[in-house]
Amino acid sequence: WHTEEFETPADAHFLFGADWGYSVDPSVALRMWVDEAPNGRKRLNIDREVYKIGCEIDYLPALFDSLACGCDAPRPCPNPGLHGQMRQWVSRADSARADTISYMQRHGYPRMEAAVKGPNSVKDGVIFLHGYVIRVHTRCRHAIDEFTHYSYEVDKQTGIVTPILEDKKNHVIDSARY
């Protein structure tokens, strides 16, 4: 993966992912699309993120509405044509909170779906992401932070890296997996 400033093509077929949090973990949404990298491999482009710790459920629609335009709701949006763009596309969200997905569907996100998860879905999702060149826009500071620090656990006694993914700094990455 790498960071870069880039323009979003007007004809991009967007993918949206969301992960839920509240007290210590953030609620996150990403806007992404897939194209071909210069080396011919598939490339996952992450160009927008929203990330908020302590976001009450009734403020989630407004937070996600600001994803594409980058406004700081409730101030007037400088890009009203992009405001609420995520509502128009299918999005995948953390299925562990079916109640939150149901709330979002009833509040203007009818195309939001639960991500399919099961045994080994985290590991399988990370392996899936390894199949892409991942380009993260420089404005997506939380994505940059998580891709920088996401790692496997290290055994405290031996210092050996285990096959267990750490369950921290993974909310942006979870949104990308979905």
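Modeller: Happy to! Contact here means heavy atoms within 4.5 Å. Please keep in mind that this is a predicted model.

The largest pocket holds about 470 Å³ of space. Its lining is made up of 20 residues, and Val50, Leu63, Ser66, Cys71 and Asp72 are the ones nearest its centre. By type, the lining residues divide into eleven nonpolar, three polar and six charged. Strand E4 (42–53), helix H1 (60–65) and helix H4 (141–149) are the elements that each give two or more residues to this lining. The most comes from E4, which supplies five residues.

Let's stay with Ser66, one of the residues nearest the pocket centre. Ser66 sits in the loop between H1 and strand E5 (91–93). Its relative accessibility is 8%, and buried means under 20%, so Ser66 counts as buried. Leaving aside neighbours within four places in sequence, Ser66 is in contact with Val50, Cys71 and His83. Among these partners, Val50 and Cys71 also belong to the group nearest the centre of the pocket.

Now to H4, another contributor to the lining. The buried residues of H4 are His142, Ala143, Glu146 and Phe147. Seen down the helix axis, these buried residues fall within an arc of 130 degrees, so they line one face of H4. They pack against E4, strand E7 (133–137) and helix H5 (171–177).

Key
Residues are numbered from 1 along each chain as its sequence is written. This is a predicted model: local features need pLDDT of at least 70, side-chain atom pairs count only at pLDDT 80 or more; totals for chains, interfaces and linings use all residues. Side-chain values use heavy atoms; hydrogens and water are left out. On a 1 Å grid over the protein atoms alone, a cavity is a set of points where a 1.4 Å probe fits but cannot get out, and a pocket is an open set with protein on both sides within 12 Å along at least five of seven lines; lining residues have an atom within 4 Å of a point. Grid points are joined across faces, edges and corners, and a volume is the space filled by probe spheres set on the points. Helices (H or I, at least four residues) and strands (E, at least two) are DSSP runs, numbered from the N terminus. Ala, Val, Leu, Ile, Met, Phe, Trp, Tyr, Cys and Pro count as nonpolar, Asp, Glu, Lys and Arg as charged, and the others, Gly among them, as polar. Buried means under 20% relative accessible area, exposed over 50%, partly exposed in between (1.4 Å probe, protein chains only). The arc is that of the directions from the helix axis to the C-beta atoms.
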